[in-house]
Amino acid sequence: MKFVKEEEEERRDYILQKDETTKSTSKFVIIVIVLLVIAVVVSGIVFLNN
């Protein structure tokens with residue numbers, strides 16, 4: 001099984017495909033995770049100061 005499939009490959013056994021949809025979705029997920037981590041850190045700081 002291959003982890004990343006190139007656009008021009010003719011395979012069916014892969015996890016991710018190297019195309020624009022996968023790249024944009026990956027960027028979105030990473031941004032959301034970073035924002036959630038920042039929100040947890042900020043809320044922890046706010047609650048510790050009260």
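Helices (H or I, at least four residues) and strands (E, at least two) are DSSP runs, numbered from the N terminus. With that in hand, let's start.

This is a predicted model, so local features need pLDDT of at least 70, side-chain atom pairs count only at pLDDT 80 or more, and totals for chains, interfaces and linings use all residues. Residues are numbered from 1 along each chain as its sequence is written, and side-chain values use heavy atoms, with hydrogens and water left out.

Confidence next. pLDDT is the predictor's confidence in each residue, from 0 to 100. The chain averages 86, and 96% of the residues score at least 70. Strand β1, residues 2-5, has the lowest mean, 69. Helix α1 has the highest, 95. Where pLDDT is low, the predicted coordinates should not be read in detail.

Is D19 buried or exposed? Buried means under 20% relative accessible area, exposed over 50%, and partly exposed in between, with a 1.4 Å probe and protein chains only. D19 is buried, yet has no salt bridge. A salt bridge is a side-chain nitrogen of Lys or Arg within 4 Å of a carboxyl oxygen of Asp or Glu. The nearest side chain of opposite charge is K23, 7.8 Å away. For charge, Lys and Arg count as positive, Asp and Glu as negative; His and the chain ends are not counted. D19 does have a partner: its side chain makes a polar contact of 2.7 Å with that of T22. Such a contact is a pair of N or O atoms within 3.5 Å; within protein, one must be able to donate a hydrogen and the other to accept it, and residues adjacent in sequence count only if both atoms are side-chain atoms.

On to helix α1, residues 20-49. S26 is found in this helix. S26 counts as partly exposed because its relative accessibility is 34%. From S26 to N49 is 23 residues along the chain, and their C-alpha atoms are 35 Å apart.

At 58% relative accessibility, V40 is exposed. Its C-alpha is 30 Å from that of I15, 25 residues away along the chain.

I45 is also placed in α1. At 48%, I45 is partly exposed.

Last, N50, in the segment after α1. N50 is exposed, at 75%.
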